[in-house]
Amino acid sequence: MIAPGSIIGIIGGGQLGRMLAIAAAQLGYKCHVFDPHEHPPAADVAAFATHAAFDDLTALRDFARRVDVATYEFENLPVAPLDVLGPKLCPSTRSLAIAQDRGREKAFIEGTGARVAPWRTVASLDEVQATVRDLGTPLVLKTRRYGYDGKGQSWVREAGGEAAAWGAIGEEPAVAEAGIDFVAEFSVILARWHDGRHVFWDSPHNEHGDGILRRSTVPCSEAVAPQVAEAREAALRIAEALGHVGVLTVEFFASVDGPLVNEIAPRVHNSGHWTIEGAVTSQFEQHIRAICDLPPGLTGLTRGGAVMDNLIGEDVRHWPEFVAERGAHLHLYGKDEARAGRKMGHVTRVTR
Ligand code: ADP
Ligand code: MG
């Protein structure tokens, strides 16, 4: 067990790291944030910060010496340099290496027996065209690496659109995936301990716009509810196959044929932000509990449910309304520039 008073390293200093550090502080831990940016959101609320590149081995070795356990809040990290953290890193680099490459990720998920949308890896325009002949349209190209919030994606709506889509993703190695006419999107958020203990939260129904999560709602809709049991089994098999320790999120499409895995995130997730006020134990506190080997906290709803709305880009200008709204929980991430598409904060309303 890593006892309160110990130092938790967090690699990546975005809003997820910030909310992890706040939860860790409540339990008496100190956090050390490692991020290349000058003023990452998490550093505002952490005891220590290192500003260095994610592959700076000297800085990583120093960080490894100073922390008692370390975790990551961001997938797009070079994996090999993290070996200097050895067993202090939770989850391990296995979860990271698989989740950060959409090709490996999909093959891995299928290997656990879960279903995904029909897909192929593509590395040339010829291969994109062959995949369109094979899987039809609509088809979405997603770069194997570095995509998030819908970035690195482009749709082929009909045959003939391959070159434009291939160009739009920068002709990068990609996965080509059949467009799913889903009924809804939802996620399974779980936390797993070293000894295999695990907990699930209620599955949120997730609504996206332009590839970015806009709203998560619990309890989920009636369209999603009958698919949650099968999705939980699939998510747990994935967690076990990874040997994952900490929070793991699996995004699903609720299709007419049942749940299809979209992608996994080896970490706390935007669709779990509602757990801060809407669940007895938040995803952030639970992740700290799991990586420090403290007992699991309860995951039930505090009240009837919750609705979480992201504040994206200029949405954040409305903060005075949200902060004045009775019962609305406003979270601002302390980012200075409200660029379009940037997650600036969120608002959670707990429902009766
Ligand atoms: P990101 O890493 O950017 O979250 P996702 O693969 O989750 O990438 O894609 C973002 C969103 O785009 C999804 O939540 C969904 O709304 C839409 N999308 C992605 N893939 C498909 C697909 N195969 N069919 C239909 N919609 C999709
Ligand atoms: Mg996603």
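The legends below describe close-up views of a predicted model. Residues are numbered from 1 along each chain as its sequence is written, and ligands are numbered from 1 in the order in which they are written. Local features need pLDDT of at least 70, side-chain atom pairs count only at pLDDT 80 or more, and totals for linings use all residues, while side-chain values use heavy atoms, leaving out hydrogens and water.

**View 1. The residues around ligand 1.** Ligand 1 is surrounded by 20 residues (each with a heavy atom within 4 Å of the ligand). Closest are Lys 142, Gly 150, Glu 177, Glu 185 and Asn 262. The shell comprises seven nonpolar, six polar and seven charged residues (Ala, Val, Leu, Ile, Met, Phe, Trp, Tyr, Cys and Pro count as nonpolar, Asp, Glu, Lys and Arg as charged, and the others, Gly among them, as polar).

**View 2. Polar contacts of ligand 1.** Such a contact is a pair of N or O atoms within 3.5 Å. A nitrogen atom of the ligand lies 2.7 Å from a polar side-chain atom of Glu 177. An oxygen atom of ligand 1 is 2.9 Å from a polar backbone atom of Asp 149, and an oxygen atom of the ligand is 3.2 Å from an N or O atom in the side chain of His 208.

**View 3. The lining of the second largest pocket.** Sixteen residues line this pocket, and Met 19, Ile 22, Ala 23, Ile 276 and Ser 282 lie nearest its centre. Nine of the lining residues are nonpolar, five polar and two charged.

How values were computed
1 Å grid on protein atoms, 1.4 Å probe; cavity = no way out; pocket = protein on both sides within 12 Å on 5 of 7 lines; lining within 4 Å. Polar contact = N/O pair within 3.5 Å; in protein donor to acceptor, adjacent residues only side chain to side chain.
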